[in-house]
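Hi,

Here is the structure I promised to pass on to you. Have a look at it first, and then read my notes below.

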Amino acid sequence: MSEPTGNYQFQTAGKIIAGPHAIQRLGHALTGAGQASRALIVASDTMRKRGVTDEIAALLAQRGIASEAIGGVMREPTADHIEQLADRVGKEHFDVYIGIGGGSVLDATKLLSVLRTNRLGVREMIGTELITGEGIPTVLIPTTSGTGSEATPNAIVTLAEEKLKIGIVSRHLLPRLVVLDPVLTLGLPKPITAATGMDAFTHALESYISNKANPISDMLALESIRLISRSIVPAFHNGSSLEDRSAMLLGSMLGGMALAGSGTAAVHAMAYPLGGRFNIPHGAANAMLLPHVMAFNLDRIRDKLEIVAAAMGIAKEPGRPAAAAERVIERIAEWTEELEIPQDLTAYGVQAADIPSLSAAAFNVRRLMDNNPKPVSTGQIEAVYRKLLPREAIK
Ligand SMILES: NC(=O)c1ccc[n+]([C@@H]2O[C@H](COP(=O)([O-])OP(=O)(O)OC[C@H]3O[C@@H](n4cnc5c(N)ncnc54)[C@H](O)[C@@H]3O)[C@@H](O)[C@H]2O)c1
Ligand SMILES: [Fe+2]
């Protein structure tokens, strides 16, 4: 565990309400929080068609809060798409922006909020703490478990022309209120349960081994690891288990809180070019890379992985000869198989010839690479990507 003598800081969402049907308490929480009289609800078309935005509008109306909904938020949104959404919202005044959906919608909502109040475009916000003014207050309601975006000061955008994914980090992106309602995640399809669950686990594990790990992020990361390890496979096989969905949703938010304090590392840095160039879903890219990057890091993180093994409940397993640290890596690889995540980049159109440029792009994600406990060269990044090519694709 990290020593309490270092310098560290921690900041998170203003308030969290949680539990089955917590969304029913949204109107109450908003009237309690201030004088919200007009709300903008941001969602994807899938969520709108399911009637989720109408349900929220009705809950708000009961409390005298008028609302309008904007749908059509794309998956893994581009900077241009977010600016088009901002144009659709226009200059109309809303007291609060409510985002309900996966990380894509939550990140879009955060950016819409600061685009409304700052004279900056999305591209000018890329980097750390470049947003100067507070945004419109936000409420974030995650429906995947997940990115943990509801508890991070980050928003990730795709730059379509540059074929890049990139982070915007600002304290002004943290929400005023988070609603964690596991009932909203019961219908999450199996592949999305798998990919987003592995993203959440990656946040927790990378935060725990990050060079910036600290006592607060450690505590959050280990509890996230404990919850997700227990429930990721059961939630995949039995999506209607409220107990496992609750554990995954909480685990995901705690993972987001952990990464807000300590940052992710090489796995995320290597996942971004896969998303930017080949549209590989963020969680699936992380899941593929995670066991290989951890095997690369192993000699630097053995002690930490022993503690992780205990949190995962696999430190001492009868009939398993591998040492605890190796068992963590084995278990992650077993999960990707059980969760039907392909260990194969060619399934997404990546070819051996793409590896050098992917590696150069990943190497340049210094914000995250510098958090990795072991320095990684472009050659070493290439070697990890190549582990995800079937033999025939390797020249
Ligand atoms: N801000 C952060 O801290 C942070 C952290 C990690 C990742 N991200 C970003 O978040 C994005 C990915 O978010 P995600 O993994 O949550 O996926 P997503 O938001 O892209 O959603 C994936 C799909 O699941 C659908 N979906 C969402 N909830 C559903 C539900 N309850 N039932 C049925 N379908 C549902 C969506 O409509 C979409 O088609 C990426 O852009 C990634 O880079 C952000
Ligand atoms: Fe992530």
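The C-alpha centres of domain 1 and domain 2 lie 26 Å apart. The domain assignment puts domain 1 at 22-180 and domain 2 at 190-393, with bounds that come from an automatic or database domain assignment. Across the boundary, 22 residues of domain 1 are in contact with 23 residues of domain 2, where contact means heavy atoms within 4.5 Å.

Some housekeeping: this is a predicted model, in which local features need pLDDT of at least 70 and side-chain atom pairs count only at pLDDT 80 or more, while totals for chains, interfaces and linings use all residues. Residues are numbered from 1 along each chain as its sequence is written, chains are lettered from A and ligands numbered from 1 in the order in which they are written, and side-chain values use heavy atoms, with hydrogens and water left out.

Now the sheet. Six strands form an open, parallel sheet in the order β1-β9-β6-β4-β2-β3. Strands here are DSSP runs of E with at least two residues, helices are runs of H or I with at least four, and both are numbered from the N terminus. Two strands pair if DSSP finds at least two bridges between them. β1 (15-18) and β3 (66-70) are at the edges with a single partner strand each, so one side of each has no neighbour in the sheet. Strand β2 (residues 38-42) runs parallel to β3 and is joined to it by five bridges; V42, for instance, has I70 in β3 as its bridge partner.

Angles run from 0 to 180 degrees between N-to-C directions, and axes are lines fitted to C-alpha atoms, for helices over the stretch in contact. α9 (residues 242-262) lies across β1, β6 and β9 (177-180), at about 150° to β9.

Finally, look at α13 (residues 355-363). α13 packs with α15 (residues 378-386) at about 125°, their axes 9 Å apart, so the two are oblique to each other. Oblique is what remains once angles under 35 degrees (roughly parallel), over 145 (roughly antiparallel) and 65 to 115 (roughly perpendicular) are taken out. Residues in this contact include I355 and F363 of α13 and Y385 of α15. Helix α10 (residues 266-278) also packs with α13 at about 125°, with axes 8 Å apart. Among the residues making that contact are M270 of α10 and L358 of α13.

Cheers
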